[in-house]
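Here's a quick briefing for anyone opening this structure for the first time. Have a look at it, then read on.

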Amino acid sequence: MRTAPTLALAVLCAALLVPASRAWACASCACGDPTLTSMGGEQPFEGRLRLSTMLRAWGHTEGQQNLDAQRLREVRMDVAVAYAPRPWLVLAVNLPLQAREVLDVSLARERGWGLGDIDVSAKAFVWKDKEFSPDHLVSVVGGVKLPTGPRLNARDGTALGLDAQPGSGSVDPMGGLAWQGFRGSWSFMASVLGFLPTRGREDFRLGASVRTSVGAQYQPSTRWAVRLGLDSRAERAADTAGVSEENGGGFIAYVSPDVLFSPGMDVVVQAGVRIPVVNQLRRVSSTPIAQLSLAYDL
């Protein structure tokens with residue numbers, strides 16, 4: 001358990017440090033688009049391979065303060081690879097490495113860390129307005145989260161609580177639509193995704209949710225860009241054995257500013273924060289989500 005995250009990180013770092021041959025064209029040139037993109041926002045061309053890692057820190061508190069409140073904090077690093085076997089298709093695999101801490105109102109504390117559940121997905125571009133350097137792209141997205149995260153135990157051998165586990169033990173499919181548009185130094189995106197979790201450990205199931213994202217990016221130079229987005233999530237409450245949880249369920253929206261920077265060919269660094277501006281979740285308060293990512297095209 002301790003060596004797996006280290007090995008995954010070492011492999012990624014080694015790949016990122018391999019110098020690109022000057023005889024190769026850059027990935028942006030090969031797809032006819034110089035727009036700086038993060039993982040998942042790239043335009044496809046056959047053979048494109050992108051590695052990325054993203055570090056996120058976030059938390060939330062469930063329940064009423066001084067009564068039944070429970071605080072969750074998480075630091076998560078995602079290691080991902082995306083490959084385009086066809087000009088219209090991108091396949092991706094994402095492996096999370098997670099560290100979680102759960103603090104109860106009684107001051108009881110649980111900590112868990114390790115490999116989380118792997119996500120596999122496919123993005124098929126079903127329409128574009130022109131063949132080369134399109135101004136509009138429409139894609140269909142589908143994927144599934146697999147129960148690969150191990151069940152963690154405390155020092156006394158008992159299983160940690162569900163909130164401290166990096167994996168849910170469930171198979172969770174998702175699907176939706178996405179659009180990308182480009183106009184000069186500006187680019188735009190919008191997506192809507194539906195998630196339908198299944199029942200996992202201890203007969204627990206997360207609520208079905210719909211997540212939307214819209215954003216605009218301005219890129220004044222080939223080296224850097226700024227982006228502003230609005231992300232939202234509407235979800236049903238989770239349930240255990242069919243009995244709904246008191247906490248959770250409802251709607252939350254985030255304002256999402258980002259800065260993207262390219263220190264060299266085919267490398268994009270992105271830093272940003274997701275700030276909750278509307279929170280109608282039941283008995284749940286959320287912190288901002290800080291994130292830092294690095295993407296590299298081979």
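Where is the place of A241? A241 sits in the loop between β12 (239-240) and β13 (243-244). This is a predicted model, so local features need pLDDT of at least 70 and side-chain atom pairs count only at pLDDT 80 or more, while totals for chains, interfaces and linings use all residues. Residues are numbered from 1 along each chain as its sequence is written, and side-chain values use heavy atoms, with hydrogens and water left out.

**The big picture**

- The protein's secondary structure comes to two helices and 17 strands; helices (H or I, at least four residues) and strands (E, at least two) are DSSP runs, numbered from the N terminus.
- Of its 298 residues, 40% count as buried (buried is under 20% relative accessible area, exposed is over 50%, and partly exposed is in between, with a 1.4 Å probe and protein chains only).
- Take the contacts (heavy atoms within 4.5 Å) between residues at least 6 apart in sequence: 58% of them join residues at least 24 apart.

**Confidence**

- The average pLDDT, which is the predictor's confidence in each residue from 0 to 100, is 87, and 87% of the residues score at least 70.

**Nonpolar inside and outside**

- The largest nonpolar core has seven residues: A82, A84, V90, A92, F125, L137 and F182. Such a core is a set of buried Ala, Val, Leu, Ile, Met, Phe, Trp, Tyr and Cys residues joined through side-chain atoms within 4.5 Å.
- Strands β2 (70-86) and β3 (89-104) are the elements that give two or more residues to this core.
- On the surface, W179, W186, F188, Y218, W224, V226, V259 and F261 form a nonpolar patch with about 710 Å² of accessible area together. Patch residues have over 30% relative accessible area and no salt bridge; like charges are joined within 9 Å and nonpolar side chains (Val, Leu, Ile, Met, Phe, Trp, Tyr) within 5 Å. Accessible areas come from the Shrake-Rupley method with a 1.4 Å probe, and for residues only the protein chains shown count as cover.
- The elements giving two or more residues to the patch are β8 (186-195), β11 (224-235) and β14 (250-264).
- W186, in strand β8, is partly exposed at 41% relative accessibility.

**Salt bridges**

- There are 20 salt bridges in the structure, each a side-chain nitrogen of Lys or Arg within 4 Å of a carboxyl oxygen of Asp or Glu.
- D297 and R50 meet through their side chains in one of them (2.8 Å, N to O). D297 is in strand β17 (residues 289-297) and R50 in strand β1 (residues 49-62), so the pair ties together parts that are 247 residues apart in sequence. Both D297 and R50 are buried.
- R71, E101, R109 and R111 are linked in a salt-bridge network.

- Most residues other than glycine have a negative phi, and most peptide bonds are trans.
- A241 has a positive phi of about 55° although it is not a glycine, and A241 is exposed, with a relative accessible area of 52%.
- D266 also isn't a glycine, and its phi is positive, near 70°. D266 lies in the loop between β14 and β15 (267-279) and is buried, with a relative accessible area of 15%.
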